[in-house]
Amino acid sequence: MPDAATLKARIEAAIPGARAEVDDWTGGGDHFRATVVADAFAGLSRIQQHRLVYEIFGDEIGGPIHALSLTTLAP
Amino acid sequence: MTDQHENSIRQAIAEAISENEVILFMKGSPEAPACGFSARTVGILQSLDTRFAAVDVLPDPRIRQELSALSNWPTIPQLFVGGELVGGCDIVTEMYETGELAELLGAEQQQTPAEPEVADAGVLQIENRLG
């Protein structure tokens, strides 16, 4: 089962310079909420920013990670 | 199932997106959303008095698979305006709060005929809704 700390570590590892805050939204280990701040988001649309994060998890989104609610920001 | 059938689902999805100015792929129906994220997105569209088509992805798992393959977006709901993916619940909510969504939908609605045609997309059950 994924946990918030693992998701945070994976996001920060995959996007250079990213800082992520991840909560387990429901406490059930499948609905997460993340705020990600990364230089890599500069100049990208929200769609493109969210795709960068979703791509880290691939098929896990909709599988073991039922939901990952995102807020993305360029610093 | 055969590749051909999956391609026909993808084709039906692509046609639905191109034929409906505002279309929401969701879990459940606008009257009975089956997921909190879908419910919130419907509520936002209705609060803006947006006319939108809705497609329930739940009756056949291939609808969701083909939609995500087409849109390169993993989650449901997915809102399309003018043939372009706007986003899911998070982005729609954020754009609603900043006023960008009303601006986008207002611009689209001015270009939309008062009575858009109801798409006949075969395998998809599409409902046209006035919020």
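**Close-up views of a two-chain predicted model**

View 1. Once its neighbours within four places in sequence are left aside, B:Ile23 is in contact with B:Ala16, B:Ile17, B:Phe52, B:Ala53, B:Val55 and B:Phe80.

**View 2. Helix α2 of chain B and its surroundings.** The twelve residues of helix α2 (residues 36–47) of chain B should span 16 Å at 1.5 Å a residue, and this agrees with its end C-alpha atoms, which are 16 Å apart. Within α2(B), the buried residues are B:Phe37, B:Ser38, B:Thr41, B:Val42, B:Ile44 and B:Leu45; seen down the helix axis, the buried residues of α2(B) fall within an arc of 160°, so they line one face of the helix. On the other side of α2(B), B:Gly36 and B:Ser47 are exposed. The buried residues of α2(B) pack against β1 (22–26), β2 (51–56), β3 (78–81) and α4 (89–98) of chain B, together with β3 of chain A. Just after α2(B), B:Asp49 adopts a positive phi of about 55°.

**View 3. The side of chain A that touches chain B.** Here eleven residues of chain A are in contact with eight residues of chain B. On the side of chain A that touches chain B, α2 (46–57) and β3 (67–73) of chain A each supply at least two residues, and α2(A) gives the most, with five residues. By residue type, this side of chain A divides into five nonpolar, four polar and two charged residues.

Key: Residues numbered from 1 in each chain as written. Chains lettered and ligands numbered in written order. Predicted model: local features only at pLDDT ≥ 70, side-chain atom pairs only at ≥ 80, totals over all residues. Contact = placed C-beta atoms within 7 Å. Helix = DSSP H or I, 4+ residues; strand = E, 2+ residues; numbered from the N terminus. Nonpolar A, V, L, I, M, F, W, Y, C, P; charged D, E, K, R; others polar. Expected span 1.5 Å × (residues − 1). Buried ≥ 20, exposed ≤ 12 C-beta atoms within 10 Å, placed from the backbone. Arc of directions from axis to C-beta.
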